[in-house]
Amino acid sequence: MLYRENGQFKATYSADQQIFPIRQDRIVVALFLAFAFVAMPLLASDYLLQALVTPFLILSLAAIGLNLLVGYCGQISLGSGAFMAVGAYAAYNFALRIPELNLIVVFLLGGLSAMLVGILFGVPSLRIKGLYLAVATLAAQFFSDWVFARIKWFTNYSSSGSVSVPTLEMFGYAFETPAQKYLLVLGIVALFALMAKNLVRGHLGRSWMAMRDMDVAAEVIGIRPMYAKLTAFALSSFFIGVAGAMWGFVHLGSWEPLAFDVNRSLNLLFMVIIGGLGSILGSFFGAAFIVLMPILLSQIPAALGVPLSTAAASHLEFMIFGALIVFFLIVEPHGLARLWAIGKEKLRLWPFPH
């Protein structure tokens, strides 16, 4: 009975079009943000912040970017790892060659570089779709692996091929502890998630969804396919590029080209499918699932007294991912986000379903 809309009237257009029209949702989101910004840095351990929460937030941002393209526009992409690599290496070179740049500007420039590459590899979407487009975006993945491994300029002529980022500083403030890095990532992800939510609610998001549902009908009613598809590739690559820059600078610190291989692209696609296609909240659900699943697989057998080697746990992880993808595609194509929405609908009626 706590989740009811009775008495919540909308008297203005702005009130009717707000992101969270139900008062209970606004309260829950405000409490959650307060917990994330205030309580989490004070209560969580350094291991929890560094190994779990920060990677979860960065991968959530990358999943949001991929969801804009796959879930909202319906364009299949298997090259998200390449766009993360472009964002990371571009940010590294901007920070290295222009040291006076602000850290946020470095991240944004990495995202803009990934945007340009995304537009380039999004051009084939104007003529092909489906599996053919998936293969075209997969070419971006292999191309980026070759470029960053062979062209030494991107790695500042490092003999090992790995790069290390400088100290994270912004306005003279250094981000050194896991809590400080966590707050930096949390602030950026919160702003980008709000930006993505407003994008999909506007005319651009509606044009993407029209192209996803039926591109011929969308073109008949006046939506330009070239504009809709290329903007989806551009903004998706921008989000993923910023996530790649933060993954390299904040989470890894030093990396090599294999850090952004095809497995990274597949993991992001798994997040979108399991979390929910066409859902911003589903991107967070999918990222949480992907981050927590390996830890649970390593801890649960030990807690139950079942010996399980590292190799067996790794193989079991892939098997569970594959089984869950098949399960969600058959039983609930909209993923965990749809299950969450069903739960909220049940709460609106409970305990009087009539």
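1. Which backbone oxygen lies 2.8 Å from a polar atom of the side chain of Thr231? In this predicted model, the oxygen in question belongs to Ala228, and the side chain of Thr231 also reaches the backbone oxygen of Tyr227, at 2.6 Å. Thr231 itself sits in helix H10, which covers residues 225-252.

2. Is Thr231 buried or exposed? Its relative accessibility is 15%, and because buried means under 20% relative accessible area, Thr231 counts as buried. When neighbours within four places in sequence are left aside, Thr231 is in contact with Leu204 and Trp208.

3. The packing of two helices deserves a separate remark. Two packed helices are described by the angle between their axes and the distance between the axes. For helix H4 (residues 80-97) and helix H11 (residues 262-275), the axes come within 7 Å and cross at roughly 115°. On the H4 side the residues taking part are Ser80, Gly81, Ala82 and Met84, and they meet Arg264, Ser265 and Leu268 in H11. Sorted by class, this contact of H4 with H11 has three nonpolar, three polar and one charged residues.

4. A search of the whole structure finds four salt bridges, and one of them joins the side chains of Asp25 and Lys344, with 3.4 Å from N to O. Asp25 lies in helix H2 (residues 23-43) and Lys344 in helix H14, so this pair ties together parts that are 319 residues apart in sequence. Asp25 counts as buried at 14% relative accessibility, whereas Lys344, with a relative accessible area of 25%, is partly exposed.

5. Another salt bridge is formed by Arg212 with Asp213, whose closest N and O atoms are 3.1 Å apart; here Arg212 is partly exposed at 33% relative accessibility, while Asp213 is exposed at 56%. The side chains of Glu345 and Arg338 also meet in a salt bridge, at 3.6 Å from N to O, and the relative accessible area is 40% for Glu345 and 31% for Arg338.

6. Finally, Ala341 is found in helix H14, residues 335-349, and is partly exposed at 24% relative accessible area. Ala341 and Ala303 are 38 residues apart in sequence, and their C-alpha atoms are 33 Å apart in space.

Note on methods. Residues are numbered from 1 along each chain as its sequence is written. This is a predicted model: local features need pLDDT of at least 70, side-chain atom pairs count only at pLDDT 80 or more; totals for chains, interfaces and linings use all residues. Side-chain values use heavy atoms; hydrogens and water are left out. Axes are lines fitted to C-alpha atoms, for helices over the stretch in contact, and angles run from 0 to 180 degrees between N-to-C directions. Helices (H or I, at least four residues) and strands (E, at least two) are DSSP runs, numbered from the N terminus. Contact means heavy atoms within 4.5 Å. Ala, Val, Leu, Ile, Met, Phe, Trp, Tyr, Cys and Pro count as nonpolar, Asp, Glu, Lys and Arg as charged, and the others, Gly among them, as polar. Buried means under 20% relative accessible area, exposed over 50%, partly exposed in between (1.4 Å probe, protein chains only). A polar contact is a pair of N or O atoms within 3.5 Å; within protein, one must be able to donate a hydrogen and the other to accept it, and residues adjacent in sequence count only if both atoms are side-chain atoms.
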